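I opened the model and kept short notes on what I looked up.

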Amino acid sequence: MKRDWDLYLLLIVPLFLTILFKYGAYPGLRIAFMNYLPAKGYAGSEWVGFETFQKVFKDRDFHVALRNSLLFNFAEVIVSFPMPIILALILNELKVPRFKKVSQTILYLPHFLSWAIIGSITYTLFRTETGLVNNMLVNFGLAENRIPFLTENLNWAITYLLVGVWAGMGWGSIVYLAAISSINVELYEAAMIDGAGRWKRMWYITLPGIKPTIITLLIMTLGRLMGSNYERLHAMGNVNVKGVQYQLAIYIYEKGLASGGFSRAAAVGLFQSIVGLLLVLASDKFAKALGEEGMI
Amino acid sequence: MWYNRRKSIIADYIMVLIIILLCSICLLPFIHLASKSISDNSFVLAKKVYFLPKGFNLEAYIAIFKDGQLTHSMLYSVLVTAVFTVLGSITTVMAAWPLSRRRLKGRIVFTFIIMFTMYFGAGLIPTYLLYNKLKMLNTMWVLILPLIFAPYNFLIMKTYFQSMIPDSLEESAYIDGASNTTILIRIVLPLSKPILATIALFLAVGRWNAYEDSKFFITKKSLHMIQYLLSMMVLSASEAEKISISEASLVTTTPEVIHAAAIMFVSIPVLCAYPFVQKYFVKGIMIGAIKG
């Protein structure tokens, strides 16, 4: 203890920051149980118990936001999750190291771009009247009419998900590639002697070898089902697709900061945090029950 | 046998082709934007610009520099990111080094206090009210102080210290008379350059790319990060897809070319830096994947 006084001294600053900015915000959660009026402050606003929650759970806008969030997160698991695995399997089969390295560098690029840039690029490429894709489709006679990629609900949802695949695919493959490289090489050699072809080796050695990684990452993804990324939704949104773009993060911003319904927005935020925490704990338990490493 | 070999070679080619296709999807948008941003307005209006510039016209870039808003914001964002990165790296070391030592009493409790905040956040509204109370809204500091110390970065650095700086090494330095401060500065930090680079880059790229806090907590335009300005520029245009001709003719260059130039202007720093920094990132997520 005496020897390490200076180590405790170092800890003061990060602990201070954590307590001030993270724990300092927790007391503000009480406005979810109040009818908070910004002009009156905490002291002047009255307590209402669970009334705000009852109102929120009856709110149609909340139903829409919750449904959209869950739907999109599920769709994301189905569309985005397998892609890095497939990509890693392909990258692993490449024979020329230099080609492999250069293509990996290129595939990681989208990870370094902000959602503002990704959203702007999406609009440049997919606008109905001026977007590159529509220009090419029409000018080369591949389509008769321009496709409203970003102004119709279903089209927007598909574009949104595919852009997500594009942004996350390369980066997501890193973990799988590392898992593949830790598979014992002797297994492959033995299989080759026994006459197993490329696909057999992939199916019977590589995939089982990275199964623990796949399961852990899948469970982690499921733990984030309640999440909602404001920047991504904002950068790709527009008034025409409100019906599908309206998710929890948008709800909280628009009902809260933008129009002053602080209590309602805080209640939804608290609901989201608690369910999110429970999901993480449950998936961690689940992973450990399966004999995999948990993440907490 | 011969038949199998040929099949295998075809499969090789197909996989190379898929990878080339995917790489093109990553690069072509930028080639298109770069081409558009220096193309002649008439070709852009005729929707004839694909992946090569047609005509030559730097007017959009000149307009960006003349207008000054994006250039000012670029300098400001660089400043914010630099301060953020320096302070963030220092505070992360300050927590990760002590808490990586097994002998430290209370390390489990302190680590829990820090990590809990990663799994349970107060949410936007309480955070907003807190910053309001701290008089941080509409200041540069709201973009810096609350986020410099991140549990995730802390966890990665702590894991690295635990596995790379064995207690025995530290113990022998201690027996030779080195104080904790000397050990940290003379032994630990020089041995930890790769992880310091990784964390610094995590911080820098994270700060550079994030923009929702600009929207939530700042109303003064001069204090917005450049990413937010870009999103406002392009998004406000997307709401009204067709800009009336009279409006467009007022400016010497079409909004489309301006947008392309603005996107390029904001992307260029990242595009230039990332080939050099990505290997540190890869290292970082590998450590992050190992449990702390």
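**Conventions.** I am working with a predicted model, in which local features need pLDDT of at least 70, side-chain atom pairs count only at pLDDT 80 or more, and totals for chains, interfaces and linings use all residues. Residues are numbered from 1 along each chain as its sequence is written, and chains are lettered from A and ligands numbered from 1 in the order in which they are written.

**Chain B, overall.** I looked up the secondary structure and found 14 helices and zero strands in chain B. Helices here are DSSP runs of H or I with at least four residues, strands are runs of E with at least two, and numbering starts at the N terminus. I then checked the spread: the radius of gyration of chain B is 25 Å, well over the 19 Å from the globule rule for 292 residues, so chain B is more spread out than a compact globule. That radius is taken over C-alpha atoms, and the rule is 2.2 Å times the number of residues to the power 0.38. Along the principal axes, the C-alpha atoms of chain B fill a box of roughly 75 × 75 × 35 Å.

**Chain B, domains.** I read off domain 1 (1-57) and domain 2 (60-292) for chain B; such bounds come from an automatic or database domain assignment. The C-alpha centres of domain 1 and domain 2 of chain B are 32 Å apart. Nine residues of domain 1 of chain B are in contact with ten residues of domain 2 of chain B, where contact means C-beta atoms, placed from the backbone, within 7 Å. On the domain 1 side, α1(B) supplies the largest share, five residues.

**Chain A against chain B.** I noted that the contact takes 75 residues from chain A and 76 residues from chain B. Helix α1 (residues 5-21) of chain A gives the most to the chain A side, with eleven residues.

**Helix pair in chain A.** I looked up α9 (residues 153-181) and α11 (residues 198-222) of chain A: their axes come within 9 Å and cross at roughly 140 degrees. Axes are lines fitted to C-alpha atoms, for helices over the stretch in contact, with angles from 0 to 180 degrees between N-to-C directions. α9(A) and α11(A) are therefore oblique to each other; under 35 degrees would count as roughly parallel, over 145 as roughly antiparallel, and 65 to 115 as roughly perpendicular, with the rest oblique. The residues of α9(A) that meet α11(A) include Val175(A) and Tyr176(A).

Key:
Two residues are in contact if their C-beta atoms, placed from the backbone, lie within 7 Å.
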